[in-house]
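Please read this briefing alongside the sequence and the model.

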Amino acid sequence: MVRVMARRRVRFTFPEQLITEPLIYNLGRKFEIVTNIRRANVQERVGWVVLELEGDEDEIERGLEWMIAAGVRVDPITGDLIEG
Amino acid sequence: MSNVKSLRCRECGSEYPVEPQYVCDFCFGPLEVCYDYDAVARDISRERITKGPLTMWRYHDLLPVDAEMALDMQTGFTPLVRAKNLGRLLGLNNLYIKNDSVNPTFSFKDRVVSVASAKALEFEFDTLACASTGNLAGSVSAHGAKAGMNTMVFFPSDLERGKILGAGIYGATLVAVDGTYDQVNRLCSELADNHRWAFVNINMRPFYSEGSKTLAYEVAEQLGWRAPDAVVVPGASGSLFTKIWKGLNELKDLSLIETAHTKMHIAQAEGCSPIVTAYDEDTPHVRPVTPDTIAKSLAIGNPADGFYSIKTIENSGGSAVAAPEEEVVEGIQLLAETEGIFTETAGGVVISGLRKLAKSGKIQPDDLTVAYITGNGLKTQEVVEPVVDPVFTTPAYEDFMTNMAARKERNGASHG
C-alpha cells in the first residue's frame with residue numbers, strides 16, 4: 001500500500017491551564033506524526049506554537065482532532081482566511 | 001516595471017524572489033513586499049502623482065504591480081468629507097470622513113483585490129479565489145469578471161443567501177461548504193497549497209495587502225500633503241490598519257509629507273475584539289476568539305496581523321477601542337443623520353469607537369482626525385430595519401395631518 005505523506009503547517013494556541021502540559025510530545029507519541037516547531041511564544045497566561053506536522057494525511061487529521069479535544073485551538077498559520 | 005525588490009519575512013527578515021509565496025520557508029512568518037525606495041524616490045513627486053489618473057493607480061510607483069498590468073475598475077480616490085455636523089456632536093473641530101463605501105463594489109476591498117488580481121494576471125494564474133462572507137466575495141467576483149478569469153468563492157453553507165448575491169451576479173462559481181468557519185479556513189488553506197489558483201488573501205496576500213496603503217496616500221494628498229493627527233480604522237485582520245501606517249511612513253520617507261505623526265486608533269466590535277483585549281492587557285500576543293458580533297465584516301477571531309497591529313499602536317502612540325454591540329447601529333444612524341453617509345456595520349463600529357475616543361480625550365478637540373468608512377450601508381440593511389419607521393396614512397389629507405401630528409407628539413415625548 002502506498003502511503004500518502006503530507007505536511008501541514010499549523011498554529012496551536014494553548015489556554016492557560018494547558019501551558020505546562022507536554023501536549024506536543026504526546027502528539028508525536030500517540031500518533032505517527034513528526035512535529036517540527038518553527039516559532040513559539042509561551043507566557044504565564046497564554047502560549048502559541050507555529051509548527052509543521054508531517055505524516056499520513058489521516059493520521060494528521062486524527063492527531064489534530066485529539067489536540068482540539070484536549071482543549072488546544074488549531075488554526076492555519078496565516079490567521080483566519082474567511083474575510084467579510 | 002514595478003519597483004518591487006523582493007519579498008521579506010516580517011519575522012526573521014529572510015528574503016525571497018517575487019513569487020506567489022506568502023510564508024517564510026524558515027520560520028513560517030508572513031512575507032511582505034519590499035521596494036527599491038531609491039528607485040521610487042528618483043521618479044515620484046507630488047506633481048507626478050497629481051497628474052496621474054483619479055484612481056488608486058495614481059500611486060502605482062508604490063504598488064507591487066507593473067503599471068501596464070493594472071486592473072483598473074476606477075477604484076479609489078474616494079471622497080474625503082469634512083464632517084462638521086458629526087464633529088460638532090462629538091466635540092471634534094477638525095473631523096473628516098474618508099468615504100470608501102463608494103468604490104465599484106461598495107467597499108475598500110476593491111483596493112486590495114485590484115492589486116491581487118492584477119498580480120495574479122502577471123503571474124499567469126487563470127483562477128481567482130477567496131473565502132468570504134460578504135464584501136471580499138463581491139470584489140473578487142467583479143475583478144475576476146473584468147479580468148476574464150475563472151472565479152471561485154468559498155463560504156460556509158449556513159450563510160444567509162442574500163450575502164452571496166453580490167458575488168454570484170458576476171458569474172463566480174459559488175462554493176457552499178458544509179462546515180464551520182474553521183473548517184472552511186482549513187479547506188481553503190489546503191486548496192491554496194495544492195492548486196494553482198490565486199487565492200487573493202492567501203498566496204496573493206503580500207501583494208493584496210499593499211493595496212490598503214492607498215487609503216493613507218489619498219488622505220494625505222486630499223489634506224494637502226500632510227498626515228492626519230489621528231485616524232480611526234476598523235479592525236478585522238488588522239491588515240488595513242498596519243498598511244495605512246506603512247503608507248504614511250513611506251510618504252514621509254520619500255519627503256512627500258513632512259511627518260508621519262498620526263496616532264493610529266483601531267476600532268473593533270466588542271463581540272470580536274481580540275486586538276483590543278491584547279492592547280488592554282498590554283501584550284503584543286493576540287489570543288484568538290470565537291466571533292459573536294453584529295459586525296460580520298469584522299468577524300475575524302484570529303487576526304493575521306494582530307501582533308503587527310499592536311506594534312503599530314505602540315509605534316504611533318494610538319490605541320484600540322471596542323464598540324459595544326448595541327452601539328453599532330447607533331453609530332450607523334449617527335453618521336447617516338449628521339453627514340448623509342450610509343455605512344455598513346464596520347462603519348458603525350468606527351463611529352461608535354470615534355465617539356468613545358473623543359469622550360476619553362484620546363482624540364483631542366483640535367486634532368485633525370480622519371475616520372475611515374470602508375463599506376456601504378446597503379450591504380447590511382437588515383441590521384437597521386428596526387430603526388426605520390415610516391408614518392402610515394391613507395391618501396386623505398386630513399388623515400395625513402392627524403398621523404403626522406401623532407408622530408410629532410410621539411417623537412417629542414421620546415425626545416423629552
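**Surface and fold of a predicted model**

Chain A exposes about 4500 Å² (Shrake-Rupley method, 1.4 Å probe), and carbon and sulfur atoms supply 49% of that area. This is a predicted model, in which local features need pLDDT of at least 70 and side-chain atom pairs count only at pLDDT 80 or more, while totals for chains, interfaces and linings use all residues. Residues are numbered from 1 along each chain as its sequence is written, and side-chain values use heavy atoms, without hydrogens and water.

**Fold of chain A**

- Chain A holds 2 helices and 4 strands, where helices are DSSP runs of H or I with at least four residues and strands are runs of E with at least two.
- Read from the N terminus, these elements follow the order β-α-β-β-α-β.
- Of the 84 residues of chain A, 52% are buried, meaning under 20% relative accessible area with a 1.4 Å probe, protein chains only.

**Charges of chain A**

- Chain A carries 12 positive side chains (Lys and Arg) and 15 negative ones (Asp and Glu), with His and the chain ends not counted.
- The centres of the two sets lie 4 Å apart, taking NZ of Lys, CZ of Arg, CG of Asp or CD of Glu as the place of each charge.

**Cysteines**

- Over all chains, the search finds 0 disulfides, a disulfide being a pair of cysteine sulfur atoms within 2.5 Å.
- The sulfur of B:Cys24 has its closest cysteine sulfur in B:Cys12, but because the distance is 3.7 Å, the two are too far apart for a bond.
- B:Cys24 is buried, at 0% relative accessible area.

Definitions and conventions: Chains are lettered from A and ligands numbered from 1 in the order in which they are written. Buried means under 20% relative accessible area, exposed over 50%, partly exposed in between (1.4 Å probe, protein chains only).
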